[in-house]
Amino acid sequence: MSVEQSRAVTDAEGAVAATATASALATSYPVAPGYRLNVRSGPGTGYAVVDVLAEGARVRINCQTPGTWVTGPYGTSNIWDNIGNGQYVSDAYIRTGSDGYVARRC
């Protein structure tokens with residue numbers, strides 16, 4: 001493979017990775033219908049409530065981390081979704097379509 005071909009492959013792979021990252025960041029997920037969801041300062045129910053999401057809200061998940069176990073409309077989970085600086089919601093209330101991680105770990 002020539003140097004030019006190698007650069008083209010590397011550039012194409014970089015473009016695909018950048019597109020996938022941008023797509024993941026642009027994805028938002030709905031809060032379970034009928035719920036106002038507490039936003040906490042850390043990944044657990046022992047952390048302070050810093051905000052409350054309105055019914056019908058959607059969130060963008062920056063990263064996910066394990067925390068306290070919570071049972072909600074989408075099952076029981078210890079995954080907490082970071083939705084902003086110092087803002088976490090339990091994944092058991094977010095419709096991600098998965099029982100596992102859908103974003104990178106915090």
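A polar contact is a pair of N or O atoms within 3.5 Å; within protein, one must be able to donate a hydrogen and the other to accept it, and residues adjacent in sequence count only if both atoms are side-chain atoms. Keep that in mind for T96, whose side chain reaches the backbone oxygen of S98 at 3.2 Å.

This is a predicted model, where local features need pLDDT of at least 70, side-chain atom pairs count only at pLDDT 80 or more, and totals for chains, interfaces and linings use all residues. Residues are numbered from 1 along each chain as its sequence is written, and side-chain values use heavy atoms, with hydrogens and water left out.

How confident is the predictor? The average pLDDT (confidence in each residue, from 0 to 100) is 85, and 75% of the residues score at least 70. Residues 2–25 are another story: their pLDDT is below 50, and this stretch has three contacts in the model beyond near neighbours in sequence. Where pLDDT is low, the predicted coordinates should not be read in detail.

Now the overall layout. Helices (H or I, at least four residues) and strands (E, at least two) are DSSP runs, numbered from the N terminus. Of the 106 residues, 32% count as buried; buried means under 20% relative accessible area, exposed over 50%, and partly exposed in between (1.4 Å probe, protein chains only).

Back to T96, which sits in the segment after strand 7 (87–90). Leaving out residues up to four places away in sequence, T96 touches Y29, I61, D91 and V102, where contact means heavy atoms within 4.5 Å.

S77 belongs to strand 6 (residues 75–84). The side chain of S77 reaches the backbone nitrogen of I79 at 2.9 Å. Beyond neighbours within four places in sequence, S77 is in contact with T68, W69, V70, D91 and A92.

| Residue | Relative accessible area | Class |
|---|---|---|
| S77 | 9% | buried |
| T96 | 14% | buried |
| Y93 | 18% | buried |
| Y35 | 33% | partly exposed |

What about aromatic rings? The whole structure holds one aromatic pair. The ring centres of Y35 and Y93 are 5.3 Å apart and their planes are at 75 degrees, so the pair is edge-to-face. Rings of Phe, Tyr and Trp (its six-membered ring) pair if their centres lie within 6.5 Å; planes under 30 degrees apart count as stacked, over 60 as edge-to-face and the rest as tilted. The pair links distant parts of the chain, 58 residues apart: Y35 is in the loop between strand 1 (28–30) and strand 2 (37–40), and Y93 is in the segment after strand 7.

Notes. pLDDT = per-residue confidence, 0-100.
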